[in-house]
Amino acid sequence: MRHLGLRAKLLAGMFLIICTSIGLVATQAVLLFRDDKSSYILDLSASRAVKIADEIQANVRHLTEKMRIFSDAVRLPVPPGTDRAALLNSMLRQYPEFLLFSTRDDGGGLRNVFLSRALAGFGLTVERVHAAYGPDRVPYDTLTLDRPIIVRLGLTQKLPTFTLVVRGTLGADGAQGPVLVAEIPLERLYAAGAESRLFEIYLTAGAGRPLVAAAGGAKGAAEGSAASAQTFADLLPQKSTTAGVRDYASHGVPMLAAYAPVGDLGLWTVVQIPRARALEASRRLVARSLAIAGFVCLAALAMVSLYARSMTRSLTALTRATEQIGQGQFNIEVPSGGTDEIGALAMRFKRMTDELSAREKKLQSANARLMESEKMTALGQLGAGIAHEVKNPLTSIRGYAQLGLRKVSWDHPLAEYFRTIDKETERALDILKNLLRFSRQETAEMSRIDLNAVVTDTVKLAAHQLLMKEITLDTTLCEGPLPVIGNANQMEQVLLNLVINAGDAMEAGGSVSVTTERAAEAHARILVADTGCGIPAAVLPRIFDPFFTTKPVGKGTGLGLSVSYGIVTEHKGEITVASVPGKGSTFTIVMPLAEGAAAATPEAAPAKEKRTRVISFR
């Protein structure tokens with residue numbers, strides 16, 4: 001099991017559970033059905049045994065009364081001139097129950113009274129029948145007035161009969177009546193035509209010897225026959241005379257049997273059925289239960305297979321997604337697994353991939369900023385070296401120009417040249433000073449700075465480059481300082497990127513304006529507007545993405561605006577752009593003023609006294 005997959009484990013586990021459950025339920029149902037069936041069969045057998053015993057007792061009582069009535073009729077005097085034998089024969093013909101009727105005297109002699117033609121037709125004579133009525137086969141000594149004797153002599157197999165021995169009624173002097181012996185058809189004792197052939201019905205003597213096999217066995221079997229070889233001594237009670245049921249083995253065959261006494265005749269009725277035949281329905285139930293259980297197990301296996309496949313499909317997709325994430329692919333689609341635990345896992349996994357993808361983008365942006373920072377650092381170091389190399393010659397040139405002014409008079413023709421050299425070298429040195437300050441390595445320490453001063457210093461750096469492209473640079477600063485918390489060097493880098501980008505968008509000349517103002521809710525705002533070609537609407541949403549640029553190869557890396565966006569965000573500000581293709585673009589930077597700046601802001605002067613400082617480089 002350790003090396004099996006999850007689907008195989010689920011299938012094996014669920015199949016084992018289902019089979020065990022169905023097996024236990026089916027076994028319990030079969031056992032209950034078998035016990036219930038056995039109880040039902042025993043109850044049915046007991047009721048049949050009692051009913052048959054009652055019916056046999058009633059038939060014997062009826063036949064006994066008929067025999068005594070006939071005996072009394074025999075002893076009655078007949079009218080003169082009447083043949084007694086003919087009269088008795090006509091009377092017996094009205095009693096078809098009697099095939100032979102005889103009387104026995106105290107000395108043991110038998111006197112025939114009537115012999116039917118049916119019995120004579122099978123070759124039986126009175127002498128032969130009387131010979132079978134010997135005391136060794138008929139227990140005359142047990143005969144009483146209230147207890148007749150019933151025996152099976154087996155006179156002929158073609159006509160099953162039984163022998164009924166009855167004591168006649170007492171005489172007028174109180175003497176015992178004669179012994180009456182009659183041979184009666186077996187069906188007059190008990191008619192088993194309506195009985196089920198599944199049951200075996202027997203009438204037995206007190207010792208358990210079967211006298212009659214009425215149904216299901218050898219019907220009409222007599223003593224000494226094959227059917228009579230079976231004995232019920234182990235079944236019938238030895239001391240009590242009450243009805244009962246038992247589960248016993250007859251000649252090694254399990255039986256379900258019921259027995260009941262036939263009144264006080266010393267006889268028993270036995271109704272039994274082989275256990276295998278009685279529980280045949282139970283075996284059919286077992287077969288059907290096994291078939292149904294097999295079908296249910298197969299259906300359950302198919303359902304479990306589908307469920308396991310759906311669950312493992314989600315897990316397989318998650319495993320594949322994990323491998324892709326391990327390879328650095330975060331933009332993957334994780335299929336939803338529904339609303340269960342697998343679905344919750346898939347949703348959390350998707351959330352994780354989204355977070356990893358966002359972090360990957362931030363990491364790429366940070367790497368791009370780091371590259372830009374390294375690039376700017378290298379550029380700053382290079383610019384610092386060049387500025388130092390150029391500053392010394394310019395200082396010497398300015399010194400000689402000032403020395404020349406001292407040597408000549410104010411109106412000398414060379415004085416104007418010396419003054420021009422001094423002014424231009426001073427402007428060049430001022431540019432170099434700003435370049436050195438911009439390229440100086442500083443940590444991004446935040447402090448209180450003035451945005452107006454930052455704009456002024458940035459404009460001085462970019463003015464000469466724009467002037468070479470015939471682009472005018474106008475600066476409009478609001479009245480009073482704009483104090484914010486930030487890093488002046490980084491903010492100069494942002495403004496320098498915006499101004500240079502604006503100049504790159506105007507190859508044929510134009511104008512760039514930088515404006516500072518106070519915005520609502522204690523915020524400062526810087527607007528950098530140009531009259532260039534503008535930004536197409538399809539490109540506008542991506543201009544702050546790292547390495548995205550519309551400039552030709554070799555003229556841009558696509559990192560300037562991305563780095564600027566990151567710097568403004570770090571300063572808790574916001575940078576936006578509005579552009580109209582063919583008319584120009586306007587970048588807006590909004591930053592929160594430093595605490596206390598709004599309170600320190602002077603009250604607005606009347607419109608006629610409001611002054612605006614404008615710096616123009618042309």
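The expected span of a helix is taken as 1.5 Å times one less than its number of residues. In this predicted model, helix α10 covers residues 488–504, and its 17 residues should therefore span 24 Å. Of the 17 residues of α10, 13 are buried, so the helix is largely enclosed by the rest of the structure. The N-terminal end of α10 is capped by N487, from which a side-chain oxygen lies 3.2 Å from the backbone nitrogen of N489.

The protein chain as a whole contains 12 helices and 18 strands. It has 618 residues, of which 39% count as buried. When contacts between residues at least 6 apart in sequence are considered, 63% of them join residues at least 24 apart.

Aromatic rings were examined next. A pair of aromatic rings is described by the distance of the centres and the angle of the planes. The count comes to 4 aromatic pairs. In one of them, the ring centres of F70 and F101 are 4.7 Å apart and the planes stand at 80°; because an angle over 60 degrees counts as edge-to-face, the pair is assigned to that class. F70 belongs to helix α1 (residues 6–75) and F101 to strand β1 (residues 100–104), so this pair ties together parts that are 31 residues apart in sequence. Both members are enclosed: F70 counts as buried at 1% relative accessibility, and F101 is buried with a relative accessible area of 1%. Together with F98, the residues F70 and F101 form one aromatic cluster.

The rings of Y202 and F232 have centres 5.0 Å apart and planes at 55°, so this pair is tilted. Y202 is located in strand β6 (residues 200–204), whereas F232 is in the loop between β7 (210–215) and β8 (244–250); the pair thus links distant parts of the chain, 30 residues apart. Y202 and F232 are both buried.

Charged side chains also lie over aromatic rings. R104 is placed over the face of Y140, at 4.0 Å from the ring centre. In a further case, the charged end of R419 sits over the ring of W410, 3.9 Å from its centre.

Two further residues illustrate local packing. T64 is part of helix α1 and, at 6% relative accessibility, counts as buried. Apart from residues up to four places away in sequence, T64 touches P148, L164 and V166. A205 is found in the loop between β6 and β7. With a relative accessibility of 11%, A205 falls under the 20% limit and therefore counts as buried. Its contacts, leaving aside neighbours within four places in sequence, are with L211, L236, G266, L267 and W268. The C-alpha atoms of A205 and I150 are 8.8 Å apart in space, although the two residues are separated by 55 residues in sequence.

Technical notes: Residues numbered from 1 in each chain as written. Predicted model: local features only at pLDDT ≥ 70, side-chain atom pairs only at ≥ 80, totals over all residues. Heavy atoms only, no water. Phe/Tyr/Trp six-rings, centres within 6.5 Å; stacked < 30°, edge-to-face > 60°. Helix = DSSP H or I, 4+ residues; strand = E, 2+ residues; numbered from the N terminus. Buried < 20%, exposed > 50% of the residue type's maximum accessible area, 1.4 Å probe, protein only. Lys NZ or Arg CZ within 6 Å of the ring centre and 35° of its normal. Polar contact = N/O pair within 3.5 Å; in protein donor to acceptor, adjacent residues only side chain to side chain. Contact = heavy atoms within 4.5 Å.
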